[in-house]
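Have the coordinates open while you read.

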Amino acid sequence: RNIDCRLNLAELYLAVGELKKGQKRLNEVLNFDPKNASALFLNGNYALMKYDTLKAMKYIQSAINADQNLFKAYDQMGVLYSAKGDILALDYFNAALRLKPNHFDIHYKVGMFYQSLNAYDASIQAYERVLNINPEHKTSMHNIAVIAVFNENYNKAVEYFSQAISVDASYLEAYFGRAYTYELMGDFIKS
């Protein structure tokens, strides 16, 4: 039986692109235990590798149905729905956050989703949650700054671009963003 061994092999085969060998191991697990959440989740990832998003979503949802504590499945469904611009993404991200409320990466994905919808206030709130958990998350700082530029709040933009630079002195996007903001402010010396 060795279910764990087969699952580990399937995960390894997925990582190295040996899809047929890995799928064989997953099928062995699912033949023995058709509701094995890990196998269903991995099947979804195999479907993604074959560019079959619908099939992937079906398997990942089946994994959630089998194990409602499978954090990575909620996360991945959130990402898949987010890529489609579907508001259901938030349901999955929120379910993931119920399991791991301090997982800053999920808060960041929520921020990105809201930002893609131009829902800037909600996006900033999500990025601020990220910064409460991980005060050095430079990309959240950068994104808050970008939104501030859109809202013509240039001082706030400069402040957040500068914070991102203080976290990572090689963060070129933040330097460019700050220089562009100074240009918009008419300060060509600092730009």
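## Arg6 and Glu28

Arg6 and Glu28 make a salt bridge, and their closest N and O atoms sit 2.6 Å apart. Keep in mind that this is a predicted model. Arg6 belongs to helix α1 (residues 3-16) and Glu28 to helix α2 (residues 19-32), so this pair ties together parts 22 residues apart in sequence.

How exposed are the two partners? Arg6 comes out as partly exposed, at 24% relative accessibility. Glu28 is partly exposed too, with 26%. Both values fall between the cut-offs: buried means under 20% and exposed means over 50%.

## Other salt bridges

How many salt bridges does the structure hold? The count is 5. One of them joins the side chains of Lys109 and Asp75, at 2.7 Å from N to O. Lys109 lies in helix α7 (residues 104-116) and Asp75 in helix α5 (residues 71-83), so the pair links parts that are 34 residues apart in sequence. Asp75 is buried, with a relative accessible area of 13%.

Then there's Asp168 with Lys138, where the closest N and O atoms are 2.5 Å apart. Asp168 is in the loop between α10 (154-167) and α11 (172-184), while Lys138 is in helix α9 (residues 138-150), so this bridge ties together parts 30 residues apart in sequence. Is Asp168 buried or exposed? Asp168 is buried, at 18% relative accessible area, and Lys138 is partly exposed, at 26%. Back with Arg6 and Glu28, salt bridges that share partners join them and Arg25 into one network.

Take Lys58 as an example: its place is in helix α4 (residues 53-66). Lys58 has a relative accessible area of 56%, so it passes as exposed, given that the cut-off is over 50%.

## Leu99

Where does Leu99 sit? You'll find Leu99 in helix α6 (residues 88-99). Leu99 is partly exposed, with 32% relative accessibility. Leaving aside residues up to four places away in sequence, Leu99 touches Gln68, Asn69, Leu70, Phe71 and Tyr74.

How values were computed: Residues are numbered from 1 along each chain as its sequence is written. This is a predicted model: local features need pLDDT of at least 70, side-chain atom pairs count only at pLDDT 80 or more; totals for chains, interfaces and linings use all residues. Side-chain values use heavy atoms; hydrogens and water are left out. Helices (H or I, at least four residues) and strands (E, at least two) are DSSP runs, numbered from the N terminus. Buried means under 20% relative accessible area, exposed over 50%, partly exposed in between (1.4 Å probe, protein chains only). Contact means heavy atoms within 4.5 Å. A salt bridge is a side-chain nitrogen of Lys or Arg within 4 Å of a carboxyl oxygen of Asp or Glu.
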